[in-house]
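Colleague: I am new to this structure and would like to learn how to read it with care. Could we go through it one feature at a time?

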Amino acid sequence: MTSGPAATARPVLAPLPEHPAVSYVMPVLNEAAHLAEAVGAVLSQAYDGEQELVLALGASSDGTDEVAERLAASDPRVRLVANPLNDIPIGLNLAIAASRHPVVVRVDAHAELPPGYTAAAVEILQRTGAANVGGVMEARGRGRFQRAVARAYNSPFGLGGGSWHHGEDEAECDSAYLGVFRREVLDEVGGYDETLRRAEDWELNHRIRAAGHLILFTPRLRVTYWPRASWDALRRQMYATGVWRGHLVRRHQSTPWRYLPPPAVAVLVAISLAVALLQLLGIARGAGWALAHVPSLGYLAGVTAVGLTRLGGDGLVDRLLNVVVLATMHLGWGSGFIRGWLAGAESTVDRSRVR
């Protein structure tokens with residue numbers, strides 16, 4: 001949560017009609033297994049206003065385009081645009097440009113909107129004058145590993161204390177999961193930054209807040225999210241996400257405190273591993289060198305205790321997977337953050353969904 005400009009200083013947005021028309025925009029890449037469910041959740045929204053869904057199709061290799069074409073052929077509300085460069089911000093901007101309505105709802109092909117999502121979001125936009133409204137990401141899993149990732153997502157011990165993971169009260173915030181936007185605000189700030197490959201939502205919301213507008217979190221909006229289902233995909237995702245967040249912190253010359261624990265852990269573990277190598281080579285001798293291992297061993301003990309006792313699961317294997325997932329999140333994100341903060345993101349790409 002964060003405090004923004006005083007309400008009296010905010011730009012005044014024109015009142016929305018009772019049931020404004022809504023445009024859903026969804027970037028899609030290699031989502032054949034999830035796309036029909038995600039689109040079905042959008043098209044079945046219990047909302048009285050006009051609706052459309054624009055899919056920005058990346059260069060998928062798993063049959064996603066064929067699924068999308070069948071969905072578009074079966075419902076005139078679904079339209080397709082090509083996003084050959086694959087990048088999410090470019091796809092979102094292409095979909096927004098092709099859409100027509102005053103409320104823009106970002107949708108993830110790996111997420112499912114609950115039935116009352118649109119109606120609740122529009123009501124909040126009307127009542128509060130907010131420029132963007134977001135809710136809770138409720139991660140779920142089908143296989144054993146994906147369920148462990150979901151448990152970590154839903155816990156403050158996984159990705160931290162962001163309201164979109166476990167907030168309980170409606171309040172102003174600095175960013176929003178997915179987001180339900182006033183179109184005129186997206187036009188005002190220039191849409192998503194197409195130079196970014198991750199963290200594009202945080203950067204967009206940063207500009208919206210800088211323009212004086214309100215971003216609101218509400219627990220009334222709860223979206224089902226299906227996280228990465230393998231260790232390698234999770235590792236790749238966490239590293240790329242950390243790189244781009246570090247890149248943005250470097251760009252904006254600010255370091256929110258909540259971003260610091262994962263990179264600190266990554267540094268301490270790296271120091272411990274380097275000292276261990278020197279000890280094996282006989283270079284680092286003496287009991288004093290053992291002190292270099294205390295912080296990382298403390299982290300290992302802590303993450304093991306949390307994974308075994310705080311995240312849940314059905315038996316010892318699930319609880320051990322909790323430990324693996326937490327450590328992967330922390331060390332992947334933390335090492336990526338250091339890279340992005342020190343050297344920028346350059347061309348780092350999240351390849352966790354690329355086959």
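**Reading a buried residue**

Modeller: Asn132 has 0% relative accessibility and therefore counts as buried, a word that means under 20% relative accessible area, with exposed over 50% and partly exposed in between (1.4 Å probe, protein chains only). This is a predicted model, in which local features need pLDDT of at least 70 and side-chain atom pairs count only at pLDDT 80 or more, while totals for chains, interfaces and linings use all residues. Residues are numbered from 1 along each chain as its sequence is written, and side-chain values use heavy atoms, with hydrogens and water left out.

Colleague: With which side chain does the side chain of Asn132 make a polar contact?

Modeller: A polar contact is a pair of N or O atoms within 3.5 Å; within protein, one must be able to donate a hydrogen and the other to accept it, and residues adjacent in sequence count only if both atoms are side-chain atoms. Here the partner is the side chain of Asn205, at 2.8 Å, and the side chain of Asn132 also reaches the backbone nitrogen of Val180 at 3.0 Å.

Colleague: Where is confidence lowest in the chain, and where is it highest?

Modeller: The predictor's confidence in each residue is given as pLDDT, from 0 to 100. The chain averages 90, and 94% of the residues score at least 70. Confidence is lowest in helix α6 (residues 163–166), at a mean of 55, and highest in strand β4 (residues 103–106), at 98; helices (H or I, at least four residues) and strands (E, at least two) are DSSP runs, numbered from the N terminus. Over residues 1–8 the pLDDT is below 50. Where pLDDT is low, the predicted coordinates should not be read in detail.

Key: Contact means heavy atoms within 4.5 Å.
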